[in-house]
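Please read it alongside the sequence and the coordinates.

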Amino acid sequence: MKRLLVLVLASALVAATLVGCTPSGPRVQASGTLIVGSPEITGDFVAGFSSSAYDVWVRTLINGYETYSATPDNKFVLNKTVVKKVSTAEDADGNKTYTFDIHKDLKYNDGSKVTAEDYVFYFLWFASPLWTEAGASSTVGEGLVGYEAYLKGEADRFKGVKLLGNYKFSITIDKEELPYFYEVLYATAMPIPKHVWAPDATIDQNDDGAKLVSENLKDDFSRIASQERFNPTVTAGPYKFVSFGNGTVTVKANEHFKGTFEKKLPQLEYVIIRSIAQDTDVDQVILGDVDAVTGVIEGEKIEKAKAADTTDVNYYARNGFGGVFMHCDFGPTKDAKVRHALAYLIDRDEIIFNVLGGYGSVTNGFYGLAQWMYEDNKAKIDAFPHFTRNIEKANQLLDETEWKYEADGTTPFDPKKAENGNYYRYNQNKEMLAIHHFGTENNNVTDNVEIQFKANAHLAGVKWDIARGDFDALLKLYYYAFQLKPEERYYHTFNLATNFGAAFDPYYSFHSDWIGTWYNSEQLSDPELDEIMIKMRRLAPTDLETFSKYWLEFQERWYELLPCIPLYSNEYYDVFRKEVKGFNTTPFADWADIICDIHK
């Protein structure tokens, strides 16, 4: 699951009122254990690396005390459990400052106090060039005054971040970044334990901003990237990390946790996330081997879960989609016409029928069915030309590329000869049009993608092959191929799924600013798309109508570039044992987000 990598996401509207219940009386002792089945966990539990969605579950469980919180119904609220007072002010230049006073009773899982230093440290750490040198990537601090200078090492102080007291700090948004549709993201922070991550460091503050001072910083960054990353020790969330081994993560209720933005506390003593075989995941819930599995999309499994007397289901429209994602900087898939031709070599409707069994539909872009922007523009989006199996169209497109010859590099390719197989397209350098695909094992989507391309690719002169591996291997090949030398690269396409947060800001996924990082995983660079994404960002948070308009422009241009063949969006089914209560997931909040609601 790509791009579920940010710490906290926001929606367009900022709300200051809190919802939900506030517990009264003495703290109730957490009890019981919840076992959640998952695909393979890679083991990256500190933000900054290409974690899977299942690693992010762990990060969600063990981190907390964010200044603003995303709600299950796609709103964004001030976290009053953390923030005693917040004020905003604009200076004469137009920069906007958020000043936070935090409560004095916040604690980490080791019992130590959370102070304003830990929130300032969050920005100073994740925006530091030393974090990049340690192999990580981060957008923390982006948009604040002095961010670029600090990130690039041109300044040792972060001008837009200030420590104002033991429980008071401020951040200042650069006027050049305003307006921003998701402005509150810039003001979202969470505490990082300086006494653990950089125990010898102090924070020096003056009018030019905050600065980390320590002779051991480089070693500290290396240690966190190589040790704490896999075994987080001190955290501030509802749960604390216990262990990871043999594909199983165990966390335990944090007795020092003050509560969520709704002041809710963990009700389960232990939560275990266990990697299990995906072809039998629902069966394992029915039999009681695990308590829950999430994001089930296959119709056959869903029907089985609904029929079982040991399980309940919760379902919702997916805030994401699945597709065949393509590297746009390497080999034949550098050419958008090749990418479009590949889309005409599969029958998406047949894949959806075989995989989803009626619980989903085809998509035409980079969106999910749960997004309000899709609902606003549904008629226009659904009217996009429908990719379906069309061998003639695929050949026409490929004839417009460099891959239009026979093996001699001069004789025009003849589609009629392709019907017998072993007759492929070449360019004038006598290089064959070969597409190498990577998919995961025991995956029904991978199976159906293979069936389609093997049946059709050769008819357009495309030599298509597939390799399979575990999910961790796929993520590394997908996210980090840009780090390889050209002669070391091999795979062009991958079948994956992406889920979106409450904030939809494709700048982090496709803007050319992120070429050469794992954020822009497709390594797509297009000035026109860049311009549209910036227009989407440069809106006031309340300008929903214009944002929706630009969203449609983005989808139209994305469709023309086609860095991914969109296959399906669907209903997600979470399957859980009947004794599990409170498993009320939504398109915008998975089970880890609402863990304090879940009990047995």
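## A proline in a loop

Pro72 lies in the loop between strand S3 (68–70) and strand S4 (76–78), where helices (H or I, at least four residues) and strands (E, at least two) are DSSP runs numbered from the N terminus. The model is a predicted one, in which local features need pLDDT of at least 70 and side-chain atom pairs count only at pLDDT 80 or more, while totals for chains, interfaces and linings use all residues. Residues are numbered from 1 along each chain as its sequence is written, and side-chain values use heavy atoms, with hydrogens and water left out.

With a relative accessible area of 29%, Pro72 is partly exposed, a class that sits between buried (under 20%) and exposed (over 50%), computed with a 1.4 Å probe on protein chains only. Leaving aside residues up to four places away in sequence, Pro72 touches Thr586, Phe588, Ala589 and Ile594, contact being heavy atoms within 4.5 Å. Pro72 and Ala502 are 430 residues apart in sequence, yet 9.1 Å apart in space, C-alpha to C-alpha.

## An enclosed strand

Strand S2 (residues 33–38) has five of its six residues buried, so it is largely enclosed by the rest of the structure. S2 runs parallel to strand S13 (residues 270–275), to which six bridges join it; strands pair if DSSP finds at least two bridges between them. Within this pairing, Gly37 stands opposite Arg274 in S13.

## Packing around H9

Helix H9 (residues 336–343) packs with helix H13 (residues 391–399) at an angle of about 170°, their axes 8 Å apart; the axes are lines fitted to C-alpha atoms, for helices over the stretch in contact, and angles run from 0 to 180 degrees between N-to-C directions. H9 and H13 are therefore roughly antiparallel, the term for angles over 145 degrees. Lys337, Val338, His340 and Ala341 in H9 meet Ala394, Leu397 and Leu398 in H13.

H9 also packs with helix H18 (residues 544–561), at an angle of about 90° and with the axes 8 Å apart. That makes H9 roughly perpendicular to H18, as angles of 65 to 115 degrees are called. Here Ala336, Arg339 and His340 in H9 meet Tyr559, Glu560 and Leu561 in H18.

## The two sides of H17

In helix H17 (residues 527–537), the buried residues are Leu529, Asp530, Ile532, Met533, Met536 and Arg537. Seen down the axis of H17, these fall within an arc of 165°, so they line one face of the helix; the arc is that of the directions from the helix axis to the C-beta atoms. The buried residues of H17 pack against helix H16 (507–510) and H18, whereas Pro527 and Glu531, on the other side of H17, are exposed.

Notes:
Angles under 35 degrees count as roughly parallel, over 145 as roughly antiparallel, 65 to 115 as roughly perpendicular and the rest as oblique.
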